[in-house]
Amino acid sequence: MEQGTTIWLTGLSASGKSTLAEKLTDFLNNNGDKVQLLDGDIVRDEIGGMFGYTRDERIKAANVYRVMAKLLNENGINVVVAAISPYEEIREANRNRIQNYIEVYVNCPIEECIRRDPKGLYNRALKGKEKHVAGIDEKFEIPKNSDIVVNTFDESVEESYFRIIEFLKNEDIGIIMKNI
Ligand code: ADP
């Protein structure tokens, strides 16, 4: 069976990963591609908050997303992952272990993420009420090897989304978008 493709969106909280991941998933669905969305926040919740946000726990949580993505890909299903994935170690493991892997760096400066702050996360972190927040007291290593970077601070949602779609159209990877 032909393998599916994993599109992995990495970036700070509030950078726009979930917004773009949902739109990409809808697009692929409408295009007739089998696709599963794995949103880090939702998976974390569904597995009962097993992991926290220290480096070690973030790596373990990413291992869970990776295993799920691989299994789905092996069964011909494309996967869109939205997860902060702040360390190159996580992203390198993805690259090495997921056969058809496309990494999207959802780039947005921390100042703009703090301004957006849809979950009040940064507000709590800046008051010292929340620890291990990526970009504040937890390192976010800038991705160096992403396949595509979208700059969500100066692009509209539609612009970032269309740039990713255009990129995918020109990629010949896995079974994704074969019907276009
Ligand atoms: P994350 O999943 O990275 O935590 P969300 O997608 O939940 O981020 O929230 C990002 C916010 O930024 C949304 O309110 C979204 O409308 C806004 N936003 C502004 N510009 C963009 C863009 N170019 N791409 C994605 N989101 C954007």
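Helices (H or I, at least four residues) and strands (E, at least two residues) are DSSP runs, numbered from the N terminus. The model is predicted: local features need pLDDT of at least 70, side-chain atom pairs count only at pLDDT 80 or more, and totals for chains, interfaces and linings use all residues. Residues are numbered from 1 along each chain as its sequence is written, and side-chain values use heavy atoms, with hydrogens and water left out.

**Exercise 1. Determine the order of the strands in the sheet.**

Step 1. Two strands pair if DSSP finds at least two bridges between them. Strand S4 (residues 101-107) and S5 are joined by four bridges, and Val 106 stands opposite Val 150 in S5.

Step 2. The five strands form an open sheet with parallel pairing, in the order S2-S3-S1-S4-S5. Strand S2 (35-39) and strand S5 (148-151) are the edge strands, each pairing on one side only.

**Exercise 2. Describe how helices H4 and H7 lie on the sheet.**

Step 1. Contact means heavy atoms within 4.5 Å. Axes are lines fitted to C-alpha atoms, for helices over the stretch in contact, and angles run from 0 to 180 degrees between N-to-C directions.

Step 2. Helix H4 (residues 88-97) packs on the sheet and touches strand S1 (6-10) and S4; its direction makes about 155 degrees with that of S4.

Step 3. Helix H7 (residues 157-169) lies across S1, S4 and S5, and runs at about 165 degrees to S5.

**Exercise 3. State where Ala 14 is located and whether Ala 14 is buried or exposed.**

Step 1. Most residues other than glycine have a negative phi. Ala 14, although not a glycine, has a positive phi of about 80 degrees.

Step 2. Ala 14 belongs to the loop between S1 and helix H1 (17-30).

Step 3. Buried means under 20% relative accessible area, exposed over 50%, and partly exposed in between (1.4 Å probe, protein chains only). Ala 14 has 17% relative accessibility and therefore counts as buried.
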